[in-house]
Amino acid sequence: MKAKSIDLSKPSRDFYFVGIGASAGGLEAFERFFKHVPDNPGMAFILVSHLDPKHHSIMPELIRKYTTMEVLLVKDGTKVKPNAVYIIPPNFNMAILKGTLHLFEPPKKTIPRMPIDFFFKSLANDQGEKAICIILSGMGSDGCQGLKVIKGELGMAMAQSVDSAKYESMPKCAIETSLVDYILPPEKMPEQLLNFTNHIQNRHKVIIQDEKKLNPDALQKIFILLRNQTGHDFSSYKINTISRRISRRMNIHQINRITTFVKYLQENPLEVETLFRELLIGVTSFFRDKYAFELMRENILPGLLKQKPSDYTFRVWIPGCSSGEEAYSIAIILREVIEKLNIHINIQIFATDLDINAIEIARAGLYPPSIAQDVSPERIKRFFSFDDHLFKIKKDIRELLVFAPQNLIKDPPFIKLDMVVCRNLLIYFDSDLQKKVLPLFHFSLKPEGVLFLGSSETIGSFTDLFLPINTKWKIYARKQAITPNYIVSKFHESDQQDKKIVMPEHQKIKPEYSRLAEKSLLAHYAPPSVIINERGEILYIHGRTGKYLEPAPGEANLNIYDMARDGLRVDLTAAIRESLARKQQVVHKGVSLKNNGAIFTIDIVVKPLNLPKDPQVTMLIMFEESISPEPPPSKTRGKKTGKKEAADQNENDRMTRLEKELQSTKENLQSTIEELEASNEELKSTNEELQSTNEELQSTNEELETSKEEQQSMNEELSTVNAELNEKVEMLAGVNDDLSNLLNATQIPTIFLDNEFRIKRFTSHTARIIHFIQTDIGRPISDINTKLVNVNIKEIAKEVLNDLVFREKEVMSEDGAYYTLRISPYRTTENVINGVVITFSDLTKVQEIKEQELRYNAEARLAKLIKESNDAIFVLDLQGNITEWNYGAEKMYGYSQKEALKLNLRNLSAEFNNSELEAVLKRLQEKGEIKSFKSQRKTKENKIINVWLTPTRLLDADEKLTGIGITERDLAWLPE
């Protein structure tokens with residue numbers, strides 16, 4: 001049932017513009033919404049839905065079923081008027097300027113399209129406070145970004161409740177912004193919409209500035225409530241900005257006085273949080289004021305970065321970063337400039353905001369597909385990934401930023417910065433607060449640091465602190481100046497992270513190693529030995545190896561390269577590498593080793609082990625002493641010559657040992673060089689393959705993401721088309737039901753045949769003539785037996801299709817019923833002949849009426865004959881009373897009809913003939929044969945006449961005697 005009609009029509013500058021966005025499931029939501037909108041709501045409704053670009057939309061026809069307002073499909077340049085519904089056509093984006101709708105062909109590269117966001121943003125910029133947005137059922141997140149812009153312009157926002165939406169993604173995304181004013185099912189939205197608009201229209205607008213003069217404490221009380229609950233002071237914000245936000249909340253709750261609103265805040269802490277979020281609404285986007293960002297990328301940043309040394313850390317602070325779009329934009333252009341200049345500079349960006357919820361969104365780095373309108377396809381491909389219907393900032397960009405909550409007024413600033421980006425934040429501060437913040441930025445910047453403000457902001461009187469670089473886009477360079485005394489910094493740049501030491505897992509010894517080692521050691525007299533894998537990790541130890549191996553200092557490990565004693569490591573490494581390369585046993589003889597002051601030589605034997613069930617490479621390393629250790633030189637040798645010879649011998653041994661070590665080192669070095677060269681070649685080849693594979697995977701992933709986006713967009717469009725078609729099917733089903741009921745109500749047997757004379761449809765009343773069953777559909781009519789006598793339906797139908805002239809013929813069925821057979825061509829709406837229609841009009845009753853008419857005519861003629869006969873004809877009841885009297889009787893006996901109807905037959909009989917009535921009645925009741933006989937009658941003048949009397953039985957339908965018919969002729973008239 002529609003709401004009561006309320007005529008709120010007004011000039012175009014006063015009415016509200018209601019933008020409604022929907023996608024899959026939206027048609028049902030539109031129906032539920034418009035069924036409850038009154039006839040003259042005093043506002044304009046503009047519907048934006050995801051439509052199949054190749055499909056003609058029937059949405060206007062469907063919406064007209066649920067509203068009496070004018071419903072229009074938008075054409076370019078359509079002027080919006082109140083009390084009308086405007087619907088976007090397929091394959092267009094739509095915007096509004098000065099109350100006029102304009103259509104744009106969507107860019108082919110923008111995938112996915114966001115027509116709802118596109119229109120909502122335009123609506124916010126054009127209508128401001130008169131803009132209302134409603135988000136209904138749909139998939140994806142289209143509309144969320146536009147909703148934020150409308151809220152930023154103090155418009156109103158509604159969203160369909162999740163439990164009432166057929167597809168919850170779009171309304172859920174809107175609700176999660178925490179900016180929606182009303183969350184309702186569609187059927188309850190019109191009432192709330194009218195309440196909201198009527199409250200504003202039917203009262204004087206709340207002007208808080210004027211009330212402040214009357215009640216100077218009202219605003220201060222609101223500031224106190226906000227500070228007590230959130231910890232933030234808004235008393236230094238611009239009064240106009242604060243008052244508009246407070247006024248909007250009062251309108252939402254239909255509160256007229258600010259003092260009443262203060263009380264409402266005291267009683268509802270949740271409303272304090274909502275007002276806090278309203279005050280923090282920041283309209284932001286990627287690369288907002290794109291020409292300003294292009295100027296930074298092409299002209300400002302290259303000169304600034306070229307001056308920095310290699311490995312320099314370029315530090316940026318972005319206060320009031322909101323949900324992070326602007327911070328990531330700065331990171332992207334910095335990365336682009338560094339890559340273009342081919343320099344190595346580190347980037348560190350500190351992005352802060354008062355709103356903790358906004359900081360969490362920024363940290364996540366997840367954004368709806370609608371950002372594709374602000375970010376070029378090249379940047380989307382380079383800096384974003386697409387997952388679960390959202391764009392995500394890639395790791396290499398995300399790692400450049402640190403997001404943190406910060407109160408710019410209370411908390412200490414960041415210092416030693418190369419750039420401060422504070423765009424569209426100062427416009428909310430009053431002049432006193434701006435005078436504190438701008439020197440703070442000067443203090444935070446390094447000499448020649450850059451300040452980047454919003455296009456509507458300025459440095460004011462602080463020309464002694466900043467030098468303008470570009471006045472249009474508000475880009476400034478820091479000047480040298482004395483730091484104001486009230487600025488105190490307690491900046492702490494970074495936090496230390498505890499280092500975690502990861503201990504290696506102990507290697508598990510497999511029983512095969514033990515058995516194989518014992519077998520091999522027995523063959524070589526069981527010298528001290530170990531089993532290692534190809535990485536040098538010791539898997540098994542046999543005998544005393546302390547002379548050759550010792551634990552390495554630091555973290556515990558069992559790697560043989562780290563545990564080898566001095567003098568052994570070089571030869572041991574070379575022997576292991578040689579054995580690995582040749583895959584055979586290798587022996588290094590005469591390796592000198594020093595232990596406890598004694599020098600001895602050993603042979604190192606490295607033997608590969610082949611374990612059939614062990615996939616890793618293992619080797620057995622044996623240490624065999626070849627010469628017994630020499631005792632240290634004796635101090636008791638007294639002779640000079642003995643000492644000299646011993647010294648010479650030692651020197652020779654030493655030289656020999658050094659030469660061997662040098663030769664071994666050269667060989668090891670050469671082997672290492674060759675291995676490194678081979679490894680470098682392999683790594684280079686592998687790296688090229690990986691780069692090629694990565695490019696292919698990236699290309700494949702991008703194609704899949706594009707296909708996924710296209711598929712999602714197509715699914716939404718198909719859902720909308722499907723909803724329209726379902727509505728059309730329901731409508732056609734209703735029409736079909738109406739036609740079926742109409743045909744059945746007329747009780748006219750009807751048959752539909754196609755051009756091949758096959759049965760397409762028939763009505764139930766056809767069974768009186770032809771016994772059809774449901775499976776007969778599709779069969780030729782000639783295969784069906786009928787009750788018609790000597791009628792060939794197919795032949796008549798052929799004649800009709802040949803000349804397209806209907807045929808009509810009276811036919812009779814086997815049960816004696818009569819029909820009018822009519823066969824006409826079947827014409828479609830496109831005037832195409834598609835078979836014939838056969839109808840049977842029942843003529844049985846008409847035939848009966850004709851027969852009755854014939855009988856009636858015959859009886860009428862007979863009655864006239866009897867009435868005008870010269871013979872006396874009259875009718876008696878069983879008591880002999882006269883009930884009928886003709887003209888001949890009146891003439892013969894002299895009694896008029898009126899007089900005769902009062903007489904009995906006895907009054908006409910002669911006195912001696914009174915018993916004849918009883919005799920006649922008896923004979924008639926006995927059904928005996930009664931022949932005509934001669935009798936006498938007495939006239940009115942008492943004259944006796946002789947008559948020839950013929951009695952006749954009069955019977956009812958049950959053959960029961962009801963009367964006697966008498967025919968009498970005056971014998972005097974007969975010839976003698």
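Student: Which residue in the turn of the hairpin formed by E21 and E22 has a positive phi?

Tutor: Keep in mind that this is a predicted model. Strands E21 (residues 529–533) and E22 (residues 538–542) pair in the antiparallel sense over four bridges. Four residues sit between them in the hairpin, and the one with a positive phi, about 85°, is Gly536.

Student: Which residue in E25 stands opposite Ile531?

Tutor: E21 pairs with E22, and E21 also pairs with strand E25 (residues 618–625), antiparallel over five bridges. On the E22 side, Val530 stands opposite Ile541. On the E25 side, the residue opposite Ile531 is Leu620.

Student: How many of the residues of E21 are buried?

Tutor: Take the strand face by face. Ser529, Ile531 and Asn533 are buried on one side, and Val530 and Ile532 are buried on the other. That leaves E21 mostly covered, and the buried count is five of its five residues.

Student: How far apart in sequence are the parts that the Cys144 and Cys173 pair ties together?

Tutor: The structure holds one disulfide. Cys144 and Cys173 form it, with sulfur atoms 2.3 Å apart, inside the 2.5 Å cut-off. Both cysteines are buried. Cys144 lies in helix H4 (residues 144–152) and Cys173 in helix H5 (residues 169–176), so the parts tied together are apart in sequence by 29 residues.

Student: What arc do the buried residues of H14 cover around the axis?

Tutor: In helix H14 (residues 356–364), the buried residues are Ala358, Ile359 and Ala362. In general, an α-helix has 3.6 residues a turn, so residues three or four places apart point the same way.

Student: Which residue caps the N-terminal end of H14?

Tutor: Look for a side-chain oxygen close to a backbone nitrogen at that end. The nitrogen belongs to Asn357, the oxygen lies 3.0 Å from it, and the capping residue is Asp355. At the other end, just after H14, comes the positive phi of Gly365, about 65°.

Student: What should the 14 residues of helix H20 span?

Tutor: H20 covers residues 569–582, and the estimate uses 1.5 Å a residue.

Definitions and conventions:
Residues numbered from 1 in each chain as written. Predicted model: local features only at pLDDT ≥ 70, side-chain atom pairs only at ≥ 80, totals over all residues. Heavy atoms only, no water. Helix = DSSP H or I, 4+ residues; strand = E, 2+ residues; numbered from the N terminus. Expected span 1.5 Å × (residues − 1). Buried < 20%, exposed > 50% of the residue type's maximum accessible area, 1.4 Å probe, protein only. Polar contact = N/O pair within 3.5 Å; in protein donor to acceptor, adjacent residues only side chain to side chain. Pairing = 2+ DSSP bridges.
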